[in-house]
Amino acid sequence: MLPHALAILFGRYVLRMNPRVLLGACTGAGTITAALRALEEESQSKLPVLGYTVPYAVGNILLTAWGPVIVTMIR
């Protein structure tokens, strides 16, 4: 939860991002599609999707690429 909280604070106060796009980016980084749908319903807007796509793709690539590396390091 801490990385998402820090991302929200950094994005809002340092980068001055739109809150809807910022929350969409956090759901994408966490690869949580259900949270994106809930965010869209609650905000009654499709704007969070703009922030969702790139972090989602990067998150999935990192999960796939670094999974075996982490397992190897644990052994």
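**Helix packing and a tyrosine pair**

Mentor: Ala7 sits in helix H1 (residues 2-14); helices are DSSP runs of H or I with at least four residues, numbered from the N terminus. The model is predicted: local features need pLDDT of at least 70, side-chain atom pairs count only at pLDDT 80 or more, and totals for chains, interfaces and linings use all residues. Residues are numbered from 1 along each chain as its sequence is written, and side-chain values use heavy atoms, leaving out hydrogens and water.

Trainee: Why is Ala7 called partly exposed?

Mentor: Its relative accessible area is 31%. Buried means under 20%, exposed over 50%, partly exposed in between, with a 1.4 Å probe and protein chains only. So Ala7 is partly exposed.

Trainee: What does Ala7 touch, not counting residues up to four places away in sequence?

Mentor: Leu22 and Cys26. Contact means heavy atoms within 4.5 Å.

Trainee: What makes H2 and H4 roughly parallel?

Mentor: Helix H2 (residues 19-29) and H4 pack at an angle of about 30°, with axes 6 Å apart. Axes are lines fitted to C-alpha atoms, for helices over the stretch in contact, and angles run from 0 to 180 degrees between N-to-C directions. Under 35 degrees counts as roughly parallel, over 145 as roughly antiparallel, 65 to 115 as roughly perpendicular, the rest as oblique. H2 and H4 are therefore roughly parallel.

Trainee: And why is H3 called roughly antiparallel to H4?

Mentor: The axes of H3 (residues 33-43) and H4 (residues 48-74) come within 10 Å and cross at roughly 170°. That angle makes H3 roughly antiparallel to H4.

Trainee: Which residues of H3 and H4 meet?

Mentor: From H3, Thr33, Leu36, Leu39, Glu40 and Ser43; from H4, Pro48, Val49, Tyr52 and Tyr56.

Trainee: How do you know that the rings of Tyr52 and Tyr56 are a stacked pair?

Mentor: A search of the whole structure finds one aromatic pair. The ring centres of Tyr52 and Tyr56 are 5.1 Å apart and the planes lie at 20°, so the pair is stacked. Rings of Phe, Tyr and Trp (its six-membered ring) pair with centres within 6.5 Å; planes under 30 degrees apart are stacked, over 60 edge-to-face, the rest tilted. Both tyrosines, Tyr52 and Tyr56, lie in H4, four residues apart, about one turn of the helix.

Trainee: Is Tyr52 buried or exposed?

Mentor: At 8% relative accessibility, Tyr52 counts as buried. Tyr56, at 29%, counts as partly exposed.

How values were computed:
Helix = DSSP H or I, 4+ residues; strand = E, 2+ residues; numbered from the N terminus.
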